[in-house]
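This briefing is intended for a reader who is new to the structure shown here. Please view the sequence and the model together before reading on.

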Amino acid sequence: RVLVTAANVGEREGGKKVLKRVKQSRTQGCRLTIIWVDGGFNGEPFMQWVMDFCRWIVQVVLRPEQTKGFVLLKKRWVGERTFGWLMGCRRLVRDYQLLPETSQTFIYVAMIRIMVRRLA
């Protein structure tokens with residue numbers, strides 16, 4: 001699921017919006033149970049909302065405080081890798097679109113292109 005919001009929307013509010021969409025479009029066969037998030041989503045109210053509304057578990061992936069430099073974090077590289085794939089599309093490198101819906105559409109098109117190239 002993709003959701004592009006204005007810059008004045010906080011991470012937790014944007015997270016709630018996208019999780020509502022996932023919950024509404026969820027098919028009966030969906031096996032989503034755990035959601036990995038970064039430190040921006042940390043907080044008891046957000047985690048409680050996800051558990052009450054969606055019945056999913058939120059697991060915050062934080063960088064160890066004592067480490068310096070690059071650290072490979074469990075499950076977080078999946079999101080970073082996906083952003084790297086999306087940056088291969090010229091229209092997504094810069095914010096050319098005026099409407100958030102246009103940006104969402106280009107993200108879907110980019111992911112379809114990536115999947116089709118892998119299937120070929």
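The points below cover the overall layout, the core and the surface.

This is a predicted model, in which local features need pLDDT of at least 70 and side-chain atom pairs count only at pLDDT 80 or more, while totals for chains, interfaces and linings use all residues. Residues are numbered from 1 along each chain as its sequence is written, and side-chain values use heavy atoms, with hydrogens and water left out.

**Overall layout**

- The protein contains five helices and two strands, where helices (H or I, at least four residues) and strands (E, at least two) are DSSP runs numbered from the N terminus.
- Read from the N terminus, the order of elements is α-β-α-β-α-α-α.
- The C-alpha trace spans about 40 × 40 × 35 Å along its principal axes.
- Of the 120 residues in the protein, 23% are buried; buried means under 20% relative accessible area, exposed over 50%, and partly exposed in between (1.4 Å probe, protein chains only).

**Nonpolar core**

- The largest nonpolar core has 13 residues, such a core being a set of buried Ala, Val, Leu, Ile, Met, Phe, Trp, Tyr and Cys residues joined through side-chain atoms within 4.5 Å.
- Helix α1, strand β1 (34-37) and helix α2 (44-54) each supply at least two residues of this core, and α2 gives the most, with five residues.
- The residues with the most contacts inside the core are Leu19, Ile35, Phe46, Val50, Cys54, Trp56 and Val58.

**Surface patches**

- A surface patch of positive charge brings together Arg1, Lys17, Lys20 and Arg21.
- Patches are made of residues with over 30% relative accessible area and no salt bridge, with like charges joined within 9 Å and nonpolar side chains (Val, Leu, Ile, Met, Phe, Trp, Tyr) within 5 Å; a salt bridge is a side-chain nitrogen of Lys or Arg within 4 Å of a carboxyl oxygen of Asp or Glu.
- Arg21 lies in helix α1 (residues 11-25) and counts as partly exposed because its relative accessibility is 34%.
- Phe70, Leu72, Trp77 and Val78 form a nonpolar surface patch with about 470 Å² of accessible area together, such areas coming from the Shrake-Rupley method with a 1.4 Å probe.
- Leu72 sits in the loop between β2 (57-60) and α3 (76-86), and it counts as exposed because its relative accessibility is 61%.

**Lys68**

- Lys68 is placed in the loop between β2 and α3 and is exposed, with a relative accessible area of 78%.
- Lys68 and Ile35 are 33 residues apart along the chain, and their C-alpha atoms are separated by 26 Å.

Notes. Lys and Arg count as positive and Asp and Glu as negative; His and the chain ends are not counted. The place of a charge is taken as NZ of Lys, CZ of Arg, CG of Asp or CD of Glu.
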